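These are my notebook entries on a structure that I had not examined before.

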There are 2 protein chains.
Amino acid sequence: MAEYHGPTPVATVERLSVYLRTLQEAKKEGKEFISSIQIGNRNGFTSAQVRKDLSCFGNFGRKGKGYHIDTLISSLRNILGLGKKWKVALMGLGNLGEALAGHKGFQKSGFDIVAIFDIDTEKIGTKYKDIPVYHPEKLSEIAGKENIEIAIIAVPNSAAKKSIQRVVDANIKGILNFTNVRLPLEKEFVMKNINLASELETISYYLTHPDRICRGV
Amino acid sequence: MAEYHGPTPVATVERLSVYLRTLQEAKKEGKEFISSIQIGNRNGFTSAQVRKDLSCFGNFGRKGKGYHIDTLISSLRNILGLGKKWKVALMGLGNLGEALAGHKGFQKSGFDIVAIFDIDTEKIGTKYKDIPVYHPEKLSEIAGKENIEIAIIAVPNSAAKKSIQRVVDANIKGILNFTNVRLPLEKEFVMKNINLASELETISYYLTHPDRICRGV
């Protein structure tokens, strides 16, 4: 009931995204209502956690019936900022860049990669999966023209600092960073780092300490 | 001081992995000691969080001097199960699979992709980046022979259920899943799901609600 307006922990936002996906699945299965217990069970969270997270953003439940799936999907989409299309720049067209450029899940969620930037002169001026490839020098110009608000950094670690700096200079405030490089950024920039080796380290931790396995990995 | 032996929340393990990387960087910079404040500052966590996380696993700090970097690196590596090499199977050699097969960060952290599985008859029997490619039917046999303990699922969503089932049947207990498919697994299996669109949704959330930006994104 009482909405919370302070900073939102990243872990909370990540769970909202998981809940949204769960609701979309339940809807596909033909369900109209879902309980916090059911949402929790499908993801390894407790129902208390689900209720607590959602109550931070509004009063969605209906006593005895659970959440109305369509309504909650629409609310969560708005909360997550998915009521609009986001234009995305992809920095780097190596193996990872190619995989990301072809990733259908982005478009489904409303994220359109509209421009790719790479220093390879053989790639510049061509298209990959119908997306034009430019020299990174062009980033500010294209970002302004296309209204790009998010950049994905998929360049080698050695090129990361320069690439992130270009993104910041182009005033692109959302950054998804696949490199190891971390830069201190002004408060209005939002940088999310994905470290693929860390993901495996979470697994090796639990395999090494099976007594500490925690549902919801 | 008081070590904790219950289930470890995933978020805690993920932070340990971030701390390890921070320590490795600090070591490269020639530092010998580091404080919880410095570890926190580099990652957007509070020093209290850093101290709390580490105190669950031992008594590492030295009053006034902070943590001895080499000692803490070695301890964290052991805690995360990185004292050994892990053999990894890669399921799917599409764009994402190729990117993962070529990802140098895995090997650096001790994760060796030793076998790739794909249904494409043109790929089966060849090598990709020196790693042999097999038909998925061979998974159990190769996993047993090679002592594979972790599998990465990088197949299309439509093939995911079958692929995860093969991994479970081969008794590979650690699973890093890039698909949308979620399967209920026995307690001893550890499945970590990465949803790339969710990562962007975290960014779109904070861009939509800049007043709620929380350091440590």
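How much area do chain B and chain A bury between them, and what part of it is on carbon and sulfur atoms? I find about 6,200 Å² buried between chain B and chain A, with 61% of it on carbon and sulfur atoms; buried area is the accessible area (1.4 Å probe) that two parts lose on being put together, summed over both. On the side of chain B, L200(B), E201(B) and R212(B) lose the most area to chain A, together 11% of what that side buries.

**Basis of the entries.** I note that this is a predicted model, in which local features need pLDDT of at least 70 and side-chain atom pairs count only at pLDDT 80 or more, while totals for chains, interfaces and linings use all residues. Residues are numbered from 1 along each chain as its sequence is written, chains are lettered from A and ligands numbered from 1 in the order in which they are written, and side-chain values use heavy atoms, with hydrogens and water left out.

**Confidence.** I read pLDDT as the predictor's confidence in each residue, from 0 to 100. Chain A averages 91, and 96% of the residues score at least 70. For the model I recorded ipTM 0.92 and pTM 0.86.

**Contacts.** I looked up the residues in contact (heavy atoms within 4.5 Å). The search gave 73 residues of chain B in contact with 73 residues of chain A. The copies meet through the same surface, because 100% of the interface residues of chain B are also interface residues in chain A.

**Salt bridges.** I counted a side-chain nitrogen of Lys or Arg within 4 Å of a carboxyl oxygen of Asp or Glu. The rule finds four across the interface of chain B and chain A. K192(B) pairs with E199(A), the closest N and O atoms being 2.7 Å apart. I also found E201(B) bridged to R21(A) at 2.8 Å, N to O. This pair joins two chains, because E201(B) lies in helix α9 of chain B and R21(A) in helix α1 (residues 10-28) of chain A. Helices (H or I, at least four residues) and strands (E, at least two) are DSSP runs, numbered from the N terminus.

**Backbone.** Where does N147(A) lie? I located N147(A) in the loop between α7 (139-146) and β8 (150-153) of chain A. Its phi is near 60°, a positive value in a residue other than glycine. N171(B), also not a glycine, has a positive phi of about 60°, and lies in the loop between α8 (157-169) and β9 of chain B. Most residues other than glycine have a negative phi.
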